[in-house]
Amino acid sequence: MDKQELANLIFPNVTKTIEEYEKMYPERNLGENARVTRFAPSPTGFMHIGHMLTLVIDYVLAKKSNGVFYLRNEDTDTSRTVKGAVEYIRSVLKQYDMNPDEYEYRDTNETKGIYAPYIQSERKEIYQAFIKHLILEGKAYPCFLTQEEMDVIREGQARDKRRIGIYGRYAKYRDLPTKEAIEKIKKGEAYTIRLKSSGDFTHKFKFNDLANGEMELPENDIDIPIMKSKDGLPTYHFAHLVDDHLMRTTHVVRGQEWISSIPVHYELFKTFGFKMPKYIHIPLILKKDGDTIRKISKRLDPEARMSYYEEKGYPYLAVIEAIMTIANSNYEAWRENHPDALFTEFEFSPKKMSSSGALFDLDKLDNISKNYISRLTKEEVYLETAEWAKKYDSEFATILEKYKDYSMAIYNIEREQKKPRKDYTYYSEIKDKTWYMYPEYFISATPDFLEYAIEEVKTILTKYKDIYNEKDTQEEWFQRIKELCDALNYASDRKAYKENPTLYKGSVVDVTNILRIALTTLTTTPDLYSIMQILGKEQIFARFDKVIAK
RNA sequence: GGCCUGUUGGUGAAGGGGCUUAACACGCCACCCUCUCAAGGUGGUAUUCACGGGUUCGAAACCCGUACAGGCUACCA
């Protein structure tokens with residue numbers, strides 16, 4: 001009877017029972033192997049590369065099995081909650097085209113899915129109903145330990161080299177008579193609700209993780225807090241239990257740092273007699289820092305934040321591809337055999353995932369990205385670049401708008417063929433590699449002819465103007481350059497030059513290089529003939545004249 | 001300190017007793033092709049799987065120790 005009084009005192013507003021919630025949130029009616037996964041970030045306002053790894057795995061698992069992928073907002077730590085964070089997460093999911101099947105957005109008042117609310121702070125009553133049940137059963141209790149008292153306990157434990165935590169004899173309020181607890185609460189003393197653990201640390205249990213296989217862990221015997229004193233919200237562990245049970249999650253994908261919490265979750269699920277979901281604990285993404293390797297950090301490593309990829313303009317699918325190669329190393333081989341398949345068609349195998357931490361290889365990403373962009377059409381490259389520029393380079397965006405067809409012609413150089421050029425790694429790089437094609441940018445550039453004598457340069461450009469014909473095919477164009485070479489004592493045949501360099505002033509390479517520098521200021525560019533075709537006679541001559549007139 | 005998980009090239013890794021003189025991909029290097037790049041082609045890039053023992057005819061693979069690394073050890077997730 002006392003327990004009932006205590007429970008009602010703590011939770012006067014909780015009216016529903018666990019059974020009622022079970023009915024409200026029934027088992028899902030899905031295919032036999034359908035997987036229900038969730039992406040459950042804390043709304044802290046940024047997204048980490050590790051989040052992306054879990055997200056991609058969650059998404060693939062659900063989609064491949066015709067299951068459900070839902071978004072849950074884990075905002076039980078009100079002090080860390082950042083406004084606008086959910087909107088940001090939503091926008092990332094949208095960009096990467098991994099939209100959830102069930103979600104809840106407060107700003108637009110959109111809800112989809114019958115397991116709502118999908119926002120933890122709005123599920124307080126649900127958690128409390130479960131906690132109330134535990135109090136009634138004598139499996140949870142209010143604990144009045146102050147922060148200072150706990151600090152003393154911890155210091156003592158550290159000094160005596162004992163396990164740290166509130167367990168056994170350290171759990172001072174575990175056996176406090178209910179009457180006294182009621183009195184303390186009535187007096188207004190602050191308390192947290194703790195699980196009255198029934199575990200034995202010396203006993204081990206077997207646990208099967210889909211990624212790491214079977215492991216042996218000691219039972220939990222710590223009276224972990226399940227409800228915070230400040231706002232009555234549950235801790236992560238308890239919210240995990242209630243939500244993943246009621247939302248009928250089948251597969252929990254989360255970082256390996258959670259492995260050490262498994263004993264707690266195991267006990268929690270056992271206490272309620274709920275079936276545990278399957279777990280996939282994914283490797284941490286690491287970073288090499290000098291000689292040491294550490295967890296990648298959003299503070300120290302720009303590439304840890306998803307905004308890095310956005311700002312650089314990596315294609316979203318390229319990022320996903322790179323993530324997939326970390327998730328399952330057989331993904332690349334699969335991709336080779338299924339070049340046009342969606343990544344969601346890949347059968348992700350948790351067992352094949354590495355259990356040690358992985359370094360995220362930016363070189364690899366670059367390679368994947370280059371290949372990806374090289375397979376796009378010129379329209380796609382144009383559109384994506386324009387979209388990127390709108391956000392990050394408005395000046396370039398204006399140029400792109402003005403020169404739409406012209407830009408597409410540039411992007412089409414050596415594109416849309418069996419072995420396309422692969423020189424764009426991300427969209428922000430495109431301006432750096434094509435700026436000279438645009439009169440607005442070229443106007444302020446000054447060609448530097450390096451070791452070439454300027455008088456010789458002028459002669460070549462002047463003579464070339466006489467023979468240039470816009471209508472030439474590539475072969476004719478090159479033939480003319482060769483003829484010019486012969487006329488000016490440059491070797492038109494590179495091999496001949498190589499054998500007897502002293503006989504000539506230079507070779508055809510020198511002549512084309514001079515043309516190239518005059519037109520672009522650069523010594524390395526894509527195919528010169530294509531560039532000249534796009535520039536057109538007027539611009540070509542203008543650029544030559546600028547040099548000749550100097 | 002305690003508990004857990006790992007350790008195969010510069011990177012992601014395959015391989016779970018003989019097919020391994022360690023796959024594949026990225027990176028790097030060289031050469032070829034070539035109007036310069038990029039691409040493409042060819043070849044090279046771990047004398048051997050953290051170390052030490054053991055089991056075995058045979059170990060990168062199995063066992064035991066050690067070392068190292070990482071994670072957790074919050075009323076944070």
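Two strands count as paired here if DSSP finds at least two bridges between them, and helices (H or I, at least four residues) and strands (E, at least two) are simply DSSP runs, numbered from the N terminus. This is a predicted model, where local features need pLDDT of at least 70, side-chain atom pairs count only at pLDDT 80 or more, and totals for chains, interfaces and linings use all residues. Residues are numbered from 1 along each chain as its sequence is written, while chains are lettered from A and ligands numbered from 1 in the order in which they are written.

**View 1. An open sheet of three strands, ordered E5-E6-E9, with antiparallel pairing.** Strands E5 (140-143) and E9 (225-227) sit at the edges with a single partner strand each, so one side of each has no neighbour in the sheet. On average, neighbouring strands are turned by 45° against each other, direction ignored; the axes behind that angle are lines fitted to C-alpha atoms (for helices, over the stretch in contact), and angles run from 0 to 180 degrees between N-to-C directions. Zooming in, E5 pairs with E6 (residues 192-195) in the antiparallel sense over four bridges. Tyr 141 has Arg 194 in E6 as its bridge partner.

**View 2. The hairpin that joins E7 to E8.** The strands, E7 (residues 204-209) and E8 (residues 213-218), pair in the antiparallel sense over six bridges. Look for Lys 206, whose bridge partner in E8 is Glu 216.

**View 3. Where domain 3 touches domain 4.** Chain A is split into domain 1 (124-282), domain 2 (296-374), domain 3 (378-429) and domain 4 (454-548), with bounds from an automatic or database domain assignment. The centres of domains 3 and 4, taken over C-alpha atoms, are 27 Å apart. Six residues from domain 3 and four residues from domain 4 make the contact (C-beta atoms, placed from the backbone, within 7 Å). On the domain 3 side, that's four nonpolar, no polar and two charged residues. Ala, Val, Leu, Ile, Met, Phe, Trp, Tyr, Cys and Pro count as nonpolar, Asp, Glu, Lys and Arg as charged, and the others, Gly among them, as polar.

**View 4. The surroundings of RNA strand B.** "Near" means a C-beta atom, placed from the backbone, within 6 Å. The surface near RNA strand B has 22 nonpolar, 23 polar and 24 charged residues.

Notes:
Contact = placed C-beta atoms within 7 Å.
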